[in-house]
Amino acid sequence: AYERRFPTCPLIPMFVASDTVSEYKSEDEAIHVIERRCKLDIDAPRLLKKIAGVDYVYFVQKNSLNRRERTLHIEAYNETFSNRVIINEHCSYTVHPDNEDWTCFEQSASLDIKSFFGFESTVEKIAMKQYTSNIKKGKEIIEYYLKQLEEEGITFVPRWTPPVACKLESSTCHPRRPVSPAINIPESATKEGLSSKEILNTSSSPSEPTAGTPDDKLDADYIKRYLGDLTPMQESCLIRLRQWLQETHKGKIPKDEHILRFLRARDFNIDKAREILCQSLTWRKQHQVDYILDTWNPPQVLQDYYAGGWHHHDKDGRPLYVLRLGQMDTKGLVRALGEEALLRYVLSINEEGLRRCEENTKVFGRPISSWTCLVDLEGLNMRHLWRPGVKALLRIIEVVEANYPETLGRLLILRAPRVFPVLWTLVSPFIDDNTRKKFLIYAGNDYQGPGGLLDYIDKEIIPDFLGGECMCEVPEGGLVPKSLYRTAEELENEDIKLWTETIYQSASVFKGAPHEVLIQIVDASSVITWDFDVCKGDIVFNIFHSKRAPQPPKKDSLGAHSITSPGGNNVQLIDKVWQLGRDYSMVESPLICKEGESVQGSHVTRWPGFYILQWKFHSMPACATTNLPRVDDVLASLQVSSHKCKVMYYTEVIGSEDFRGSMTSLESSHSGFSQLSAATTSSSQSHSSSMISR
């Protein structure tokens, strides 16, 4: 069936033609190797083809058929542009070790782009697109030719046997393929007259009694009741992986439902599923995740301000989790709790979800292994695009994706506002493709129309805040009081950590001793982003640019360069002999920040070089019309009893090529000044640059 795609294949439009370069057959006809030169019409922009100077791309493909071992290996590499781009692909068809009536298929590829006329990223995207489409098409093509063979009356190909002379010389010339003892499935006899399509798909019936331990087969009623529809291949993978865990894993063996999630996440590739499952089991043991529901109580801040909770179930019986993200003060939660507590809370939600799935499986009498999440974005604004918050969200997604695969059955995103595409641009690359397919997004009130919420949730349990009649007990969220915010040192000293790093650094600013951070920019149009809170005193924030690097600061004996030092960080980079306008220049107008204010901003760099972010002590100006001090000045001076200020800050550089949206949308995400963000600061006036906002 595979050979039928040559010399050209109508099912692969890009495959124009092929020529045989060499061919080899062994004397006993067990080995057949054929090498072809294939002509491809790659789906690439016309401009790129013109720059490259080619219309077609040539690949060399080598097919090695071993009838003795019953394997077909396919290797391919590019001949065109081989000095600039290296592409290697390998496919193999083999007999399943446990049941010789099953055929296994594996495919892998590698891509190394050294240079391509400045279009390296474009070529990479084209290659990935072509490879993905080829994978999806492969099974369809082989089934097409199998059907074609059957229509021609070819339903059976005799098994290869060695020549008579070979049989007389040695009985080991054609050894039987060993059968893995892991499952003890008896090797079936060769089935005469079996169609080639059946050879790919048939196996012994799941209900057939087999030799071995009781665990060698799963009871059909058990599968239907707790696991759902499984093919014989999938059942075999589950049994083998479970037995491997029982033999090698020291600790709690997960339930079949949980093992099955990891197998499904890796398309029942046992090696890949085993790898991620073992990593997850080690992680669970290290952080005592199995006991999180019994031993960990969420802080009161989470109970009051985290706008999420469980709410009945959807029409399929899946537990329903409601998250009012637009009403949640993500920055306040991160500042009050740190990433550790937020992650631990999300883990407890997932553990509760697993428990509810088990309960619903018993209640509804059918397997329920995932839950539905309803996310209401009413109120989502630019404040939710706060970079440290988004970064914390991405890290939480990473942990959940790795340890709770295939637990999200459906995600309903309602009332998505105009700012949602910006957030989606930042988050979507970190979400698995299979998970992304489960997302349903509704803008405005679209969820109330056909194909909306009523298709997935019964009318009786639609929450009241979405126009339903069911009272929803999910907290309404709201702003976290700044009095609950904690310092970097307090967050750093948590007893148990799931992450080893923190987002914020703290710094002390003294009169005559500003704190400065150096950022080296290689490519112009990079974006420097910052977020800081003025914890004590008033400061002036500046951004400078220099073509030459400042001298590295000297470390003092007090460990001033450690963020855990009692006094906080304090580093001066600008040399006292440097002159403004000659050695360095100011790229943003100075911004005066009062105690208690939160400041966010970004700067799109115009030149490469060295950028210095500076926090400087702000001295109160003398009154212009009188020598007597104003009441406000006196009160302010009393508040700052010493010439010391304190800030907590976070900075990040985003390469222009790394941001998937436009620079305009990036700037707007930091310059937009919503009511929610205004309510958390003492001043709602945007000062200086349009890209700096409080």
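## Basis of the description

Because the model is predicted, local features are given only where pLDDT is at least 70 and side-chain atom pairs only at pLDDT 80 or more, while totals for chains, interfaces and linings use all residues. Residues are numbered from 1 along each chain as its sequence is written, and side-chain values use heavy atoms, with hydrogens and water left out.

## Overall make-up

The protein contains 18 helices and 21 strands.

Of the 694 residues, 46% are buried; buried means under 20% relative accessible area, exposed means over 50%, and partly exposed lies in between (1.4 Å probe, protein chains only). The protein exposes about 36600 Å², of which carbon and sulfur atoms supply 52%. Accessible areas come from the Shrake-Rupley method with a 1.4 Å probe, and for residues only the protein chains shown count as cover. Among contacts (heavy atoms within 4.5 Å) with a separation of 6 or more, 73% are between residues 24 or more positions apart.

Strand E1 (residues 15-25) and strand E2 (residues 31-40) run antiparallel and are joined by nine bridges; two strands pair if DSSP finds at least two bridges between them. The two form a hairpin with five residues between them, and Glu29 in the turn has a positive phi of about 65°. Across this pairing, Asp19 stands opposite Arg37 in E2.

E2 also pairs with strand E3 (residues 57-66), in the antiparallel sense and over ten bridges. Here Arg36 stands opposite Gln61 in E3. In a regular strand the side chains alternate between the two faces of the sheet. Arg37 lies over the face of Tyr58, at 4.0 Å from the ring centre. A charge sits over a ring if NZ of Lys or CZ of Arg is within 6 Å of the ring centre and within 35 degrees of the ring normal. Another such case is Arg274, which lies over the face of Trp244 at 4.9 Å from the ring centre.

## Surroundings of Thr372

Thr372 lies in strand E9 (residues 371-376) and counts as buried because its relative accessibility is 1%. Its side chain makes a polar contact with the side chain of Asp314 (2.7 Å). A polar contact is a pair of N or O atoms within 3.5 Å; within protein, one must be able to donate a hydrogen and the other to accept it, and residues adjacent in sequence count only if both atoms are side-chain atoms.

Leaving aside neighbours within four places in sequence, Thr372 is in contact with residues including Arg318, Tyr321, Arg410 and Leu412.

## Aromatic pairs

Rings of Phe, Tyr and Trp (its six-membered ring) pair if their centres lie within 6.5 Å; planes under 30 degrees apart count as stacked, over 60 as edge-to-face and the rest as tilted. The count comes to 17 aromatic pairs. The rings of Tyr306 and Tyr345 have centres 4.9 Å apart and planes at 85°, so this pair is edge-to-face. Tyr306 is in the loop between helix H10 (300-305) and strand E7 (308-313), and Tyr345 is in helix H11 (residues 330-364), 39 residues apart. Both Tyr306 and Tyr345 are buried.

The Trp615 and Tyr649 rings have centres 4.9 Å apart and planes at 35°, so this pair is tilted. The pair links strand E19 (residues 609-617) with strand E20 (residues 644-654). Ring pairs also link Tyr2, Phe6, Phe15, Tyr93 and Phe105 into a cluster.

Notes:
Helices (H or I, at least four residues) and strands (E, at least two) are DSSP runs, numbered from the N terminus.
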